[in-house]
Amino acid sequence: MGWWDRKPEERARWVLDPLVAVGPLRFGMDHDEVKAALDGEWNGGGQRTADGWRWTPYDGDCVIAVYDKDGCLVAVEIDPKGGPFVRLDDVELIGRVPSEARTEILGLAARRGAAVGTNRSGDPQIAAWGVSMSAEQEWGRLPDGHVERKDAVITTALFTAPGVADDRAASVIKGHDVRDLVANPGAWPVTPDHERPRWEWNPLEYVGPLRFGMSPHQVAAALGGEIPAGRTGAFPFWFWKESGQWSLHTDHFERAGVTAQYWYPEGVPELGAVTVHGRTGPHLHYEGIPLVGITPSVLDAAIIQHVEDHDLGLRFSPNGAAVPDGPNLYLDTARAEDSSVSEPTFCAEDYQI
């Protein structure tokens with residue numbers, strides 16, 4: 001059963017035993033024990049990092065298990081759309097309005113004398129409980145059976161075993177062997193419209209001052225010499241790690257409000273895509289439709305109406321957002337506290353998200 005077919009009353013309800021177990025999953029279990037504790041549905045997917053850690057999705061239960069190099073369960077992440085609800089004492093942790101959940105978590109921590117930190121996403125992280133909160137896009141189901149993006153975000157969480165850095169486990173799930181991102185201090189400010197520059201966009205060629213095919217140095221120079229505030233990458237092969245060679249995936253430019261994404265069509269990094277940050281990035285338009293910082297439902301409606309009015313092709317981004325066929329444009333969302341705003345990615349020809 002997919003999450004879209006699972007009603008709230010049909011979702012499992014688990015209790016967290018901090019640093020020991022999440023529902024039926026006890027830290028230290030191996031893959032076969034986890035399968036037995038769940039319903040056994042596993043699609044064979046997952047990924048292994050260069051140092052032997054791996055993550056494994058169990059689609060039937062809407063959870064992701066993280067195993068260390070010895071094959072022992074060290075972390076569990078819950079899909080907030082259809083995964084089990086998880087409770088700690090009297091606080092429900094999954095599928096909540098983030099600000100409301102944060103208030104209750106802080107209250108529980110104060111009563112128990114537990115220290116609360118802030119993780120990279122800006123959400124509460126309680127090392128004494130092995131809990132690291134975050135939030136994802138909320139989805140709903142229409143009367144005709146189709147699913148749709150909503151304008152809100154809802155909470156999810158990563159639960160870890162003792163001695164496991166929450167950010168380390170989270171980086172495994174995201175597929176990064178190298179992680180150097182700007183940490184969110186716990187705020188999601190949105191730059192006012194009048195303070196954002198307006199950029200031009202020529203599909204498959206350039207976005208503002210950034211032309212597809214640029215090297216990382218040329219990208220930084222085009223943005224006024226700004227130094228990337230964060231980078232992500234990975235070691236494609238284990239022996240590359242031994243020699244210190246890794247592939248650059250993204251450069252995050254905080255001041256410009258964009259992230260440069262690189263690919264290697266000729267064996268060296270070239271600019272293949274530009275993501276414009278939804279909360280802080282410059283204005284860009286498609287046929288008069290603003291693409292940056294817009295409520296997802298409003299943008300979806302405008303794109304679909306434009307496509308219908310002009311008899312154009314329609315496709316969908318990996319996250320379900322409607323986009324016109326042709327310009328190699330993808331639409332995602334950025335979090336703005338308890339809601340979300342549109343965040344477009346403009347791609348070179350043949351570049352795939």
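Predicted model: local features only at pLDDT ≥ 70, side-chain atom pairs only at ≥ 80, totals over all residues.
Local features require pLDDT of at least 70 and side-chain atom pairs count only at pLDDT 80 or more, whereas totals for chains, interfaces and linings use all residues. Residues are numbered from 1 along each chain as its sequence is written, and side-chain values use heavy atoms, with hydrogens and water left out.

Three aromatic pairs were counted, where rings of Phe, Tyr and Trp (its six-membered ring) pair if their centres lie within 6.5 Å, with planes under 30 degrees apart classed as stacked, over 60 as edge-to-face and the rest as tilted. Trp201 and Phe346 form a tilted pair, at 4.7 Å centre to centre and 55 degrees between the planes, and these residues are 145 positions apart in the chain. Both are buried (under 20% relative accessible area; exposed is over 50%, partly exposed in between, with a 1.4 Å probe and protein chains only), Trp201 at 13% and Phe346 at 1%. Trp263 and Tyr351 form an edge-to-face pair, since their ring centres are 5.3 Å apart and their planes at 70 degrees; Trp263 is partly exposed at 24%, while Tyr351 is buried at 9%. Trp201, Tyr286 and Phe346 form one aromatic cluster.

The charged end of Arg11 sits over the ring of Phe85, 4.0 Å from its centre, and Arg54 lies over the face of Tyr67 at 4.5 Å from the ring centre, the criterion being NZ of Lys or CZ of Arg within 6 Å of the ring centre and within 35 degrees of the ring normal.

Conventions: Helix = DSSP H or I, 4+ residues; strand = E, 2+ residues; numbered from the N terminus.
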